[in-house]
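Here are a few notes to keep beside you as you look around.

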Amino acid sequence: MTRTHHRDRDRPAVYPEWLEEILGCIRADKPVRKDFEHGGRLHIDRPLPFLSLFLVRGRQDIAARDVAAANASYLIANNLEEALPIVAAVGGVLKERFGAFMLLDVDELEHDTLLTDDSPYLPPFEIRIAATGEPAAEEAETALAEGVDIRQVKFRTPHVERFALETDFQATALAQQTGFSLVAVRFAPIYRQPESGKIYHDLRERLIANIFDAGLRAFAAFVAATQTLKITTHRALGRKAFVDAVSRADRSIDEVAASFDFLLAVTPINADAAWQEFKAGNFKRAPRFLYRPLSVQVEVEKRKLFSVAFDRFEDPVLYHLYREKQQELDLQLSLITARETSRFVEYSRALYGPVEATLHRSAAEILAKTEKAAHDGDDGEAGNEIADCRDVEIAARAMIDSYQRQYEGFTAEIQLRDDLPPGLLVSDGRLLISRTTRVPANRVDALLSHEIGVHLLTYFNGSAQGLRLFRSGLAGYEGMQEGLAVFSEYMAGGMTIARLRLVAARVVACAAMLEGRKFAETYDMLVGEHGFGPATAFNVALRLYRGGGLAKDAIYLRGLMELLDHLKAGGALDPFWMGKISASHFRVMQELSLRGLLKMPVIRPAFLVHPHAQARLDKARAGMTPLDMVTS
């Protein structure tokens with residue numbers, strides 16, 4: 001076949017006006033998003049020396065289309081005739097700019113020939129790849145073959161084989177008529193039942209993410225071989241702009257999240273009266289807790305939640321983040337409707353997880369090894385001056401003002417409340433302080449580092465990211481968030497034996513609650529076995545039995561231990577300040593940051609500049625346990 005762009009070397013090509021506009025945008029470093037008939041599209045969020053391609057040819061719901069569209073630079077065209085002039089023009093401009101250009105031709109095999117509906121086992125599935133003969137294209141082909149991660153596909157093992165390019169009409173035509181380096185990938189449609197045609201949706205998502213990542217590795221190998229770009233990881237070649245569908249879904253998800261305050265919905269409003277009732281009953285009968293009426297229409301919000309469309313995200317990473325959040329919000333809404341029923345504790349267990357044996361052992365060890373040094377009276381530490389709610393409010397206002405001087409967007413509000421148990425609580429951008437709060441004066445700065453320096457700081461940093469998801473929190477963020485908050489107390493010099501014992505007591509008491517112990521039994525265990533004062537033990541039990549049994553309080557020690565493991569392994573802290581994320585999202589945040597989708601934190605915690613902060617952080621990086629925070 002002839003290579004059309006070689007036909008008239010001395011005569012510049014003449015393109016339609018719309019295509020000339022596209023080429024002008026590329027030359028000017030402007031993004032391109034041009035829709036064509038039959039669902040086609042050219043998308044280039046920034047100039048790159050490659051393009052992924054899928055030809056529709058009248059087919060619907062094809063995973064290969066989503067693989068191609070997940071890239072920062074792609075073309076979806078109806079057929080070869082429509083695609084060739086666009087590929088030639090766009091590829092020519094990009095090759096002129098970078099000195100090299102590669103096309104990734106993505107498609108599916110017609111059948112999954114190795115599987116039938118009644119197959120008694122799951123055989124390997126076919127992935128066929130080919131490349132043009134240039135060394136850079138062959139490097140890309142090898143990287144693609146090696147990049148197919150069977151752990152991501154999970155259900156089927158890929159069997160990769162190379163085929164001769166000339167045996168595939170589409171790939172041959174693209175290579176010969178454009179002259180560009182090309183890698184072709186064809187994979188079996190393992191997400192579709194062979195005979196019935198029904199879709200395995202989870203498998204489809206995994207397959208898309210798998211092939212997409214392998215394609216990025218192929219692009220990275222190509223740019224390394226041609227020295228067209230310098231990158232630190234293949235993920236840096238991903239998208240650097242959100243499409244409108246992401247912004248719309250983000251607003252919709254945030255509106256559902258903002259329609260209810262989960263913790264306030266499950267927190268009693270009569271804590272003091274319940275304490276008096278418990279005392280009057282000689283600590284033998286569980287008190288009656290009263291709750292705020294629910295202002296949210298759960299069925300309405302669930303309909304809104306599941307009407308959010310994720311199918312146009314074109315980004316597997318963001319797709320999974322929002323799907324996870326959707327599922328978490330669904331569980332939270334189910335949980336608040338089950339308040340004061342037997343179902344509540346099971347929803348709670350599903351949301352926060354059980355108390356693992358290793359976590360329980362760690363908590364029990366803390367309580368046992370600090371027993372002799374403990375002063376677990378109701379004031380926490382014997383002989384200390386006590387700060388009341390007004391003292392805490394004054395200190396909190398000073399800390400918030402300090403952060404606001406550094407970043408004017410730090411617009412936190414403080415509220416003194418009569419409807420909360422003793423202590424502090426952050427709700428979105430508000431710091432709520434119970435009027436019954438009494439804490440040791442030497443703990444105030446550490447307490448505010450926890451609530452303001454972590455919870456509020458990550459809320460406002462997340463707000464600055466452009467997507468509201470990072471301020472309301474990625475799914476499962478609370479464990480790492482509370483681990484960071486407890487660690488901040490240590491960094492601020494305010495971690496005490498009494499505080500660490502309280503964190504540990506919450507774990508053993510949570511385990512007791514999940515095992516079916518009654519309120520009074522757990523209270524007796526805290527007082528009789530572990531030596532806590534009556535009021536302290538009551539507040540621990542209240543937190544755990546609120547709503548019908550909330551397993552949240554085990555996450556403080558669990559999150560702290562995860563964070564210490566992260567630091568010991570050489571992990572950084574800065575990604576955690578970008579917004580509210582979980583430990584499992586650390587690499588995702590790094591990837592999104594490398595792609596330019598996330599900003600660095602606009603403000604960092606004040607406790608990081610404490611005079612002894614660096615020494616404490618170095619100590620944590622060298623390896624420490626929670627006990628080391630108070631015993632070394």
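In which strand does Gln 415 lie? Gln 415 belongs to strand 10, residues 413-417; helices (H or I, at least four residues) and strands (E, at least two) are DSSP runs numbered from the N terminus.

A word on the source: this is a predicted model, where local features need pLDDT of at least 70, side-chain atom pairs count only at pLDDT 80 or more, and totals for chains, interfaces and linings use all residues. Residues are numbered from 1 along each chain as its sequence is written, and side-chain values use heavy atoms, with hydrogens and water left out.

1. Let's stay with Gln 415. Gln 415 counts as buried because its relative accessibility is 19%; buried means under 20% relative accessible area, exposed over 50%, and partly exposed in between (1.4 Å probe, protein chains only). Its side chain makes a polar contact of 2.9 Å with that of Glu 413 and a polar contact of 2.9 Å with that of Arg 417. Such a contact is a pair of N or O atoms within 3.5 Å; within protein, one must be able to donate a hydrogen and the other to accept it, and residues adjacent in sequence count only if both atoms are side-chain atoms.

2. What does Gln 415 touch, leaving aside residues up to four places away in sequence? Arg 430, Leu 431, Leu 432 and Ile 433 are touched by Gln 415, contact meaning heavy atoms within 4.5 Å.

3. Stepping back, the chain has 26 helices and 13 strands. Of its 632 residues, 58% count as buried. The C-alpha atoms fill a box of roughly 95 × 60 × 45 Å along the principal axes. Among contacts between residues at least 6 apart in sequence, 74% join residues at least 24 apart.

4. Helix 18 is worth a visit. Residues 477-491 form this helix, and 15 of its 15 residues are buried.

5. Arg 57, which is not a glycine, has phi near 50 degrees and sits in the loop between strand 3 (50-55) and helix 2 (63-69). Gln 227, also not a glycine, has a positive phi of about 55 degrees and is found in the loop between helix 7 (201-226) and helix 8 (244-257). Most residues other than glycine have a negative phi.

6. Are these two residues covered or exposed? Arg 57 is partly exposed, because its relative accessible area is 46%. Gln 227 counts as exposed, because its relative accessibility is 72%.

How values were computed. Expected span 1.5 Å × (residues − 1).
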